[in-house]
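I opened my notebook for a look at packing and surface in this model. Here is what I looked up.

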Amino acid sequence: MTHQILVFYGSYRADRQGIRLARYLVRKLSELGNEAELIDARAINLPMLDRMYKEYAEGEAPAKLEELAGKIRAADAFVFVTGEYNWGVQPGLKNLTDHFLEEWFWRPAAIASYSAGRLAGVRAALSWHGTLSEMGMVVISSSLAVGGIRHALDDDAKPTCEGGAALEKAFPRFAADLAWWTEAAQAQRLKSGTPY
């Protein structure tokens with residue numbers, strides 16, 4: 001079954017390495033028959049949150065906000081690719097997600113974290129778990145954590161070295177978990193709708 005999956009990435013840094021993990025995930029999810037799309041916060045470049053999408057009158061939201069809202073509503077599942085900034089989340093990705101709320105509801109989300117060091121961004125992933133749950137998503141239990149990101153994936157997002165091999169080994173379970181929850185959420189929405 002084909003699922004529409006949005007892969008969100010939030011670094012604004014000039015020499016960003018995590019984009020490799022985001023591109024890897026888009027490619028691998030697409031190879032499984034999904035329609036996976038990268039949503040790059042830096043490319044969209046929303047302003048710092050002043051008004052959420054829902055706070056605009058109908059037809060008055062900025063075009064890029066309106067377009068992204070439509071993509072989020074149409075998606076079956078989400079993957080959040082996050083680096084770790086001082087034990088916390090990336091501000092660019094957090095700013096993008098905070099522009100929306102109801103658009104996220106009743107779909108599964110997965111977290112893939114990374115860092116230059118050996119802790120692989122897991123502290124940011126832990127923070128994202130609570131945030132995404134609060135925003136109405138079901139966060140799957142499987143996650144990916146890639147340390148030494150510069151060496152785990154090359155410039156073409158192909159796995160290299162020991163880190164890349166570990167990522168390749170972990171991906172099938174991650175993808176299967178996301179697919180199961182995506183199908184479960186779809187079935188429940190068709191059967192019963194949503195509680196509100």
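Surface first: I found that V138, W180 and W181 make up a nonpolar surface patch with about 320 Å² of accessible area together. Such a patch joins nonpolar side chains (Val, Leu, Ile, Met, Phe, Trp, Tyr) within 5 Å, from residues with over 30% relative accessible area and no salt bridge (a Lys or Arg side-chain nitrogen within 4 Å of an Asp or Glu carboxyl oxygen). Areas are Shrake-Rupley values with a 1.4 Å probe, and only the protein chains shown count as cover.

I placed V138 in strand β5; strands are DSSP E runs of at least two residues, helices H or I runs of at least four, numbered from the N terminus. V138 is partly exposed at 39% relative accessible area, between buried (under 20%) and exposed (over 50%).

A note on sources: this is a predicted model, where local features need pLDDT of at least 70, side-chain atom pairs count only at pLDDT 80 or more, and totals for chains, interfaces and linings use all residues. Residues are numbered from 1 along each chain as its sequence is written, and side-chain values use heavy atoms, without hydrogens and water.

Next, helix α5. Its buried residues are A124, A125, W128, T131 and L132, and they pack against β3 (77–82), α4 (91–98), β4 (108–114) and β5 (138–146), with contact meaning heavy atoms within 4.5 Å. Just after α5, I noted a positive phi of about 95° at G136.

Last, V81: beyond neighbours within four places in sequence, its contacts include V7, L21, L93 and Y114.

Notes
Buried < 20%, exposed > 50% of the residue type's maximum accessible area, 1.4 Å probe, protein only. Patch = residues over 30% accessible without salt bridge, like charges linked within 9 Å, V, L, I, M, F, W, Y side chains within 5 Å.
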